[in-house]
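The sequence and the structure are shown first, and the main points follow by topic.

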Amino acid sequence: MKELPENQTLSKQINETLKDRVITEVFNATKYHKNTFYFGDPLTYSELIPGRRINSSMSFGMYVDIILDKETKISFGDGTNLKYGTISNKMPNNYQLLLALDNNTYLTFTVGMFGVIAAYTGIYNEIYYKKNLDNLSPLSDDFNEQYFEKLCVGVKPKSSVKVLLATEQRIPGLGNGVLQDILFNAKINPKREISSLTDIDKSTLLQSIKMTLKNMILEGGRDTETDLFGNHGNYKTILSKNTLSKPCPKCGNPIIKETSSGGVIYYCPYCQK
């Protein structure tokens, strides 16, 4: 699932590649997907979107906005993937939304386990969209030790570090994917209780959040996810499905894969005690 680094990359690529392109036609889903959450009736998108020009894009947390003219936007996030291609005889068979553009190209929106697609004029009041928009980005200078301490205090002390970092979008764009390397770099086990963290642990964790995310962004996202053109990111994940069969890069012991708090976790039982 795309998180902050991948969405930052997507937004940058949209600004570089799609600015001033005009949407000429809308094609609705070719395949029903029960966990695709549209804003409003997607059948009305064919009236709302065609003829509008792509002005810019912005990303915040788990979401990307494509900003069109006349205050119209297309917002997508969570498990929604965006891909750009040239119209040909070998078009994608399955998608949840396809936009044809004026230079014989297209954009497809496809959803994995679940995802959001919203085309609208005005305000989008979906709760997680607003949390991602309103909560402080971990890339901000104001996301400091004092702010991080407030986040820690706001969660039950016996909750795990994974729950603190990767649920409720307390930290916009930080999900279960980027979590793994953040905790490995901080040498903290994802199942560790928040109450056991010392001030030094919290400071180390905060620095790992910022450093790891910045490195992922610089490399165009993680190698487990793809960009606008279908290419995998250049950031080589330390802990992910790609590395599970490999030993820990620091100590050489096997990596553990478990489920915790509704998601998969990877960790080294020696480096992350």
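A salt bridge is a side-chain nitrogen of Lys or Arg within 4 Å of a carboxyl oxygen of Asp or Glu. By that criterion, a search of the whole structure finds nine salt bridges. The model is a predicted one, and the protein in it contains seven helices and nine strands.

**Overall form**

- The radius of gyration of the protein is 20 Å, which agrees with the value near 19 Å that a compact globule of 273 residues would have.
- The C-alpha trace spans about 55 × 35 × 35 Å along its principal axes.
- Of the 273 residues, 48% are buried.
- The accessible surface amounts to about 13100 Å², and carbon and sulfur atoms account for 51% of it.
- When contacts between residues at least 6 apart in sequence are considered, 64% of them join residues at least 24 apart.

**Salt bridges**

- In one of the salt bridges, the side chains of Asp 102 and Arg 21 meet at 2.6 Å, N to O. Asp 102 is in the loop between strand S6 (97–101) and S7, while Arg 21 is in the loop between helix H1 (4–17) and strand S1 (23–28), so this pair ties together parts that are 81 residues apart in sequence. Asp 102 is partly exposed, at 37% relative accessible area, and Arg 21 is also partly exposed, at 22%.
- Another salt bridge joins Asp 69 to Arg 52, with the closest N and O atoms 3.7 Å apart. Because Asp 69 belongs to the loop between strand S4 (63–68) and strand S5 (72–86) and Arg 52 to the loop between helix H2 (45–48) and strand S3 (54–60), the pair ties together parts that are 17 residues apart in sequence. Asp 69 is partly exposed, with a relative accessibility of 21%, whereas Arg 52 is buried, with 16%.
- Lys 191 and Glu 258 also form a salt bridge through their side chains (2.8 Å, N to O). Lys 191 lies in the loop between helix H6 (176–186) and H7, and Glu 258 lies in strand S8, so parts that are 67 residues apart in sequence are tied together. Both residues are partly exposed: Lys 191 has a relative accessibility of 39% and Glu 258 one of 27%.

**A buried arginine**

- Arg 222 is found in the loop between helix H7 (199–218) and strand S8 (256–260).
- With a relative accessibility of 3%, Arg 222 counts as buried.
- Leaving aside residues up to four places away in sequence, Arg 222 touches several residues, including Met 1, Lys 2, Glu 3, Glu 6, His 232 and Tyr 235.

**A nonpolar surface patch**

- Met 1, Phe 37, Met 113 and Phe 114 make up a nonpolar patch on the surface, and their accessible area together is about 420 Å².
- Phe 114 is part of strand S7 (residues 105–121) and is partly exposed, at 33% relative accessibility.

**Cysteines**

- A disulfide is a covalent bond between the sulfur atoms of two cysteines. The structure has zero disulfides.
- Cys 248 takes part in no disulfide, and the nearest cysteine sulfur, that of Cys 271, is 3.7 Å away. Cys 248 is buried, with a relative accessibility of 3%.
- Cys 251 is likewise in no disulfide, the nearest cysteine sulfur being that of Cys 268 at 3.5 Å. Cys 251 is partly exposed, at 33% relative accessible area.

Note on methods
Residues are numbered from 1 along each chain as its sequence is written. This is a predicted model: local features need pLDDT of at least 70, side-chain atom pairs count only at pLDDT 80 or more; totals for chains, interfaces and linings use all residues. Side-chain values use heavy atoms; hydrogens and water are left out. A disulfide is a pair of cysteine sulfur atoms within 2.5 Å. Buried means under 20% relative accessible area, exposed over 50%, partly exposed in between (1.4 Å probe, protein chains only). Patches are made of residues with over 30% relative accessible area and no salt bridge: like charges are joined within 9 Å, nonpolar side chains (Val, Leu, Ile, Met, Phe, Trp, Tyr) within 5 Å. Accessible areas come from the Shrake-Rupley method with a 1.4 Å probe; for residues, only the protein chains shown count as cover. Helices (H or I, at least four residues) and strands (E, at least two) are DSSP runs, numbered from the N terminus. The radius of gyration is taken over C-alpha atoms; the globule rule is 2.2 Å times the number of residues to the power 0.38. Contact means heavy atoms within 4.5 Å.
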